[in-house]
Structures are given as C-alpha cells and as structure tokens.
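User: I would like to go through this model by question and answer, one feature at a time.

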Amino acid sequence: MRFMMIVKASKNSEAGQMPSEELLAAMGKYNDELMKAGVLLDLAGLHPSSKGARIKFSGGKATVLDGPFAETKELIGGFWMIQVKSKQEAVEWAKRAPAPHGPATEGEIELRQVFELEDFAPSAAVDQAREFGKELAEKKK
C-alpha cells in the first residue's frame, strides 16, 4: 500500500522562510530511517504558493489563478511517499516524523492512501494505465 504523508504549510513556510538547520538535520535523520527501512518512495518540500498557480475548471474552461493563496491550513508544504503493509504502519511512520515546522510550533501531517490500479474494476482504461505505468518505469531506468 502506498501512502502520501502530506505536510501542511505554515505561515512561515508560505513566507518563504527556510527550515532551521536543526529541523533539516532531524528531517535528514528521519528520511534516512525511512530509506533504510525500505519504505521511502519519494519526498520533497514545496516552494510557497506565491510561486505557484491553481488551474480551476468550470464550464469546460480552465482558468489560471496565480498564488499566493490565503488559507495556509489548506496548503501543502511538502510530502513523503511511502510504501507499507497497512494504514497502521503508515500512521506509525507519520507519528515518528519530526514536527514539520520545528519542535516549538504547531504542525500537521495528513496521511492519504494512494489508489492502486487493482482498486478499479477491469476495463480498457485500466489496461491502458497499466501499460503507461510500465513505460514510465522503463524510462526511469
């Protein structure tokens, strides 16, 4: 099972403030633990929403909205993608993460399971997605 551990943004991360050296070291140690356990698939921190955009779809049209976006509690500051055997294992890994914005601040990690092709009923679209996945894996080699 794949899970995304989503780090919620903070006012400081949205202001472009970089994490402290202490937090970077703690994250590095945690990332190393994930990697050594064989569960880490990917990870990244994200630039503030002021450097991003949202594409809104309505009535068959796409509209681009440039950042920043007002509600920091709804924004993503970074993520880990992990592969584990259960939701409980994913929860345990998320609980071990360093506080996302430092030990003296509030932070939140949202945990969401990723859909797998096996979750969908058989169809031509699923077969096509499976082939696409194989091609993508080959390109990564």
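User: In which loop does Val114 lie?

Analyst: This is a predicted model, in which local features need pLDDT of at least 70 and side-chain atom pairs count only at pLDDT 80 or more, while totals for chains, interfaces and linings use all residues. Residues are numbered from 1 along each chain as its sequence is written, and side-chain values use heavy atoms, with hydrogens and water left out. Helices (H or I, at least four residues) and strands (E, at least two) are DSSP runs, numbered from the N terminus. On that numbering, Val114 lies in the loop between β6 and α4 (124-140).

User: Leaving aside neighbours within four places in sequence, with which residues is Val114 in contact?

Analyst: Contact means heavy atoms within 4.5 Å. With its neighbours within four places in sequence left aside, the contacts of Val114 are Arg2, Phe3, Met4, Met81 and Asp119.

User: How far apart in space are Val114 and Lys11, C-alpha to C-alpha?

Analyst: In sequence, Val114 and Lys11 are 103 residues apart. From C-alpha to C-alpha, their separation in space is 28 Å.

User: In what order do the elements of the protein chain run from the N terminus on?

Analyst: The secondary structure of the protein chain comes to four helices and six strands. From the N terminus on, the order of the elements is β-α-α-β-β-β-β-α-β-α.

User: Which strands stand at the edges of the open sheet?

Analyst: Four strands form an open sheet in the order β2-β5-β1-β6, with antiparallel pairing; two strands pair if DSSP finds at least two bridges between them. The twist from one strand to the next averages 15 degrees. Each edge strand has a single partner, so one side of each is left without a neighbour in the sheet, and these strands are β2 (40-45) and β6 (109-113).

User: What angle does the direction of α2 make with that of β5?

Analyst: Axes are lines fitted to C-alpha atoms, for helices over the stretch in contact, and angles run from 0 to 180 degrees between N-to-C directions. Helix α2 packs on the sheet and touches β1, β2 and β5 (76-83). Helix α3 lies across β1, β5 and β6, at about 30 degrees to β1. For α2 and β5, the angle is about 25 degrees.

User: Why is α2 described as roughly antiparallel to α3?

Analyst: Angles under 35 degrees count as roughly parallel, over 145 as roughly antiparallel, 65 to 115 as roughly perpendicular and the rest as oblique. The axes of α2 (residues 21-36) and α3 (residues 87-96) are 10 Å apart. Their packing angle is about 155 degrees, which makes the pair roughly antiparallel.

User: Which residues of α2 and α3 make the contact?

Analyst: The contact of α2 with α3 has four nonpolar (Ala, Val, Leu, Ile, Met, Phe, Trp, Tyr, Cys and Pro), no polar (the others, Gly among them) and two charged residues (Asp, Glu, Lys and Arg). From α3 come Trp93, Ala94 and Arg96, and from α2 come Tyr30, Glu33 and Leu34.

User: Which peptide bond is cis?

Analyst: Pro68 lies in the loop between β4 (61-66) and β5. With omega near 10 degrees, the cis bond is the one from Gly67 to Pro68.

User: What is the volume of the largest pocket?

Analyst: On a 1 Å grid over the protein atoms alone, a cavity is a set of points where a 1.4 Å probe fits but cannot get out, and a pocket is an open set with protein on both sides within 12 Å along at least five of seven lines; lining residues have an atom within 4 Å of a point. Grid points are joined across faces, edges and corners, and a volume is the space filled by probe spheres set on the points. The largest pocket is lined by 30 residues, and its volume is about 750 Å³.
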